[in-house]
Amino acid sequence: MKKIYFITGSQDLYGDDTLRQAERNGKEIASFLSEKLNEKVCIEGMPIVRNRDEAENCIITANSDKACIGVILWMHTFSPAKMWIKALQTLNKPLLHLHTQFNEKLPYDNIDMDFMNLNQSAHGDREFGFICTRLGIKREVVVGYYKNKAVIDQISRFVDVSLAIAFSKSLRVGMFGNNMRDVAVTDGDRVESEIQYGWNVNYYGIGDLCDLISEVSDEEIDQKMKEYTQKYEMDTDHVEAVREQAKYEVALEKFMQKENISAITDTFEDLHGLRQLPGLAAQNLMSKGIGFGPEGDYKTSALSAVLFEMAKYRDGATGFTEDYTYDLTDGEEMELASHMLEVSPVFSKNTPKIQVHPLGIGGKSDPARLVFDGISGEGVAVCMVDMGNRFRLICADITLIDQPKPMPKLPVARLMWKLKPDFKTGAAAWIYAGGAHHAVVSTALTSEDIRLFAKLTNTELVMIDEKTDLNMFEKNLELLEIISGKR
Ligand code: MN
């Protein structure tokens, strides 16, 4: 079980009784929160921190504890913040500053100086906040009585994002083949990705996978076919083409396990030794949270795995898709998102159908794929681009909709959505921001989750939502260029 350290700050000045009381209260809040969030994390109440050495030791312990994914700090009393400088300078885990009190209401009839000295986070948390700001520490400040639902929800969001960041830091991405020739937006600085997000991204020759594919047994294929027919509807007579995909998936699973990889890319330009482009195989892997980016798009692959992890304890769907084509009927514009084959079946409205159709690109055999109509509901589309001197996340609020009519001749899965605040503004903003044609779409996550992830990973974020005004948006982009030192 992953842990969050709950650290209560104070100082020696108050005497033993008060300090023991403050420590008890801190631990009680920690165990209350732990109970509320026990599905995903344990909130561990730490001994009270009274001075520079204790602060440093506590943070060093948090830093070196692999199970610890983040820290919550709360100044029950006043805690002179110079004692936190050294500790905070070493902190390498996500930080939530909880600005709360042990008491909800003021005890008007009984309040005295002792009570006020014990319960003075209004005082102590400001001192602590100053030093965090002075040190430039990215953190989430959550304000309110700790038993309030809104406060618990905010802490829960911090836990989800911290779990995703911990996952991100140990994520290995395998690229079969490289980036699609001449494509710009899917490319990026892999060294910088590892420095900033922990993504260890490596290229593998497709031949290594082909060797594994040739060793897959008929029994293993049968087993995988059983999985397919349990989850999906067979809608083809080309059983051999489906078995070919089953073989690819078995081999990919073995390869990923051996290399400790949780996200992959491939490219139709480098399939030497494969009869088909992996379609069904990639789709079924995506449904289990394996990151996927087509055309060598390692950023989308990694981001899809990280956001899937973030949404692990929520309802809704999260996965890769691609902006493809539009219905441009004036005032009723809609976007159709899809891909050559690889759209995650987590987005399917009904049981996906396994079909085999020709692929007009790549010169390979007809690949098996899952075909389905997409779900409806509110969601976000998120992409990451490399701006040369920094990464940028772009997050757009979207409304997934039922497709207005069947598309009997389209042999791939599809999603449809509407842009915000309106089609013209939403599409123009995405394009001005440099947004990619590949994105991770989620109905489980909101822009608030992406905002927090961007903040805690120190990533530039551009948001497109109901309030977006194009003139302000463009000005903001210009400011970001200046702030980044690029211009
Ligand atoms: Mn693509």
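The model is predicted: I took local features only at pLDDT of at least 70 and side-chain atom pairs only at pLDDT 80 or more, while totals for chains, interfaces and linings use all residues. Residues are numbered from 1 along each chain as its sequence is written, and side-chain values use heavy atoms, with hydrogens and water left out.

**Entry 1, strands.** I traced β8 (residues 233–234) against β13 (residues 353–356) and noted parallel pairing over two bridges. I count two strands as paired if DSSP finds at least two bridges between them. Helices (H or I, at least four residues) and strands (E, at least two) are DSSP runs, numbered from the N terminus. I then followed β13 to β14 (residues 368–371), where the pairing is antiparallel and runs over four bridges. Here I noted Ala-368 of β14 as the bridge partner of Val-356.

I have 15 helices and 19 strands on my list. The radius of gyration is 25 Å, close to the 23 Å from the globule rule for 487 residues, so the protein is as compact as a globular protein of that length. That radius is taken over C-alpha atoms, and the rule is 2.2 Å times the number of residues to the power 0.38. I read the span of the C-alpha trace along its principal axes as about 80 × 55 × 45 Å.

I looked up burial next: 55% of the 487 residues count as buried. Buried means under 20% relative accessible area, exposed over 50%, and partly exposed in between (1.4 Å probe, protein chains only). For contacts (heavy atoms within 4.5 Å), I took those between residues at least 6 apart in sequence, and 78% of them join residues at least 24 apart.

I found a cis peptide bond between Lys-420 and Pro-421, with omega about -5°. Pro-421 sits in the loop between β17 (415–419) and α13 (423–432).

Glu-295 has a positive phi of about 55° and lies in the loop between β10 (291–293) and α12 (298–310).

Is Asp-182 buried or exposed? I noted Asp-182 as exposed, at 83% relative accessible area. Glu-295, by its relative accessible area of 8%, is buried.
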